[in-house]
Amino acid sequence: MNLLKKSILAASAIALMTGAAYAADPVMYSEPATIAADDGFDWDGFYAGVGLSIDAITDGGPVDNYGYIDAIIGYNYTHEQILFGAEAWVGGYWDVETGTDSGFGGGVEGRVGYLATDDWLIYTGIGYYLYDGGADYVTLGIGTEFAVTDDMSIDIEYKHWEGLSNSFAGPSVGTSLLWHF
């Protein structure tokens with residue numbers, strides 16, 4: 001007999017002996033394992049967080065880049081797969097290039113979104129921003145937000161700013177870390 005036939009015969013003999021040994025063991029009943037159902041992220045209710053963003057505002061001349069850090073509060077309500085939300089923020093801004101032009105501002109935003117999955121939101125928003133110097137803007141945005149834990153989400157948003165009291169306009173991009181409660 002060659003080596004391959006001997007190996008197959010030995011493996012078969014071991015399998016038969018092992019199977020016979022297991023067949024002699026008494027059958028014990030055990031409860032089936034249960035798996036906790038994932039109900040998805042709970043988007044409804046209040047949330048708070050911190051946001052960082054940068055914009056590129058111009059009135060047709062050189063572009064001014066401003067950075068922002070904001071404290072955020074908001075509320076969401078969902079109906080089936082549709083989300084309705086309102087958000088307010090206040091924070092500081094600074095000129096990214098010079099660091100000299102800085103101050104405070106705040107704003108509000110309403111948003112409507114679609115829950116693509118239980119843990120992923122796609123939305124559009126319209127907002128209003130007021131600087132401490134009196135300049136104000138309307139913002140139009142699109143964004144996505146996704147759950148990272150049972151009570152935390154990350155929001156990424158693109159906005160277009162349009163000056164109401166001046167001729168400045170431009171885009172911004174930002175991200176927020178939000179805690180839902």
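The largest cavity holds about 260 Å³ of space. The structure is a predicted model, and the count of cavities of 30 Å³ or more comes to one. Rolling a probe the size of a water molecule over the atoms shows where empty space is left. Twenty residues line the largest cavity, and Ser53, Asp70, Glu157, Lys159 and Ser176 are the closest to its centre. By class, the lining comprises eight nonpolar, seven polar and five charged residues. At least two lining residues come from each of strands E1 (45–57), E2 (64–79), E3 (82–95), E7 and E8 (169–180).

Nonpolar packing is the next topic. In soluble globular proteins, nonpolar side chains tend to be buried together. Here the largest nonpolar core has 12 residues, including Tyr47, Ile72, Trp89, Tyr131, Trp161 and Leu178. Strands E1, E2, E3 and E5 (120–131) each supply at least two residues of this core, and E2 gives the largest share, three residues. Apart from this core lies another, of six residues, among them Phe41, Trp43, Leu121 and Tyr123.

Strand E7 spans residues 152–163 and contains isoleucine 156. Isoleucine 156 has a relative accessible area of 37%; because this value falls between the limits of 20% and 50%, the residue is classed as partly exposed. Beyond its neighbours within four places in sequence, isoleucine 156 is in contact with Tyr123, Ile142, Gly143, Thr144, Phe146, Gly174 and Thr175. Glycine 143 is 13 residues away along the chain, yet its C-alpha atom and that of isoleucine 156 are separated by 5.6 Å.

How values were computed
Residues are numbered from 1 along each chain as its sequence is written. This is a predicted model: local features need pLDDT of at least 70, side-chain atom pairs count only at pLDDT 80 or more; totals for chains, interfaces and linings use all residues. Side-chain values use heavy atoms; hydrogens and water are left out. Helices (H or I, at least four residues) and strands (E, at least two) are DSSP runs, numbered from the N terminus. Buried means under 20% relative accessible area, exposed over 50%, partly exposed in between (1.4 Å probe, protein chains only). Contact means heavy atoms within 4.5 Å. On a 1 Å grid over the protein atoms alone, a cavity is a set of points where a 1.4 Å probe fits but cannot get out, and a pocket is an open set with protein on both sides within 12 Å along at least five of seven lines; lining residues have an atom within 4 Å of a point. Grid points are joined across faces, edges and corners, and a volume is the space filled by probe spheres set on the points. Ala, Val, Leu, Ile, Met, Phe, Trp, Tyr, Cys and Pro count as nonpolar, Asp, Glu, Lys and Arg as charged, and the others, Gly among them, as polar. A nonpolar core is a set of buried Ala, Val, Leu, Ile, Met, Phe, Trp, Tyr and Cys residues joined through side-chain atoms within 4.5 Å.
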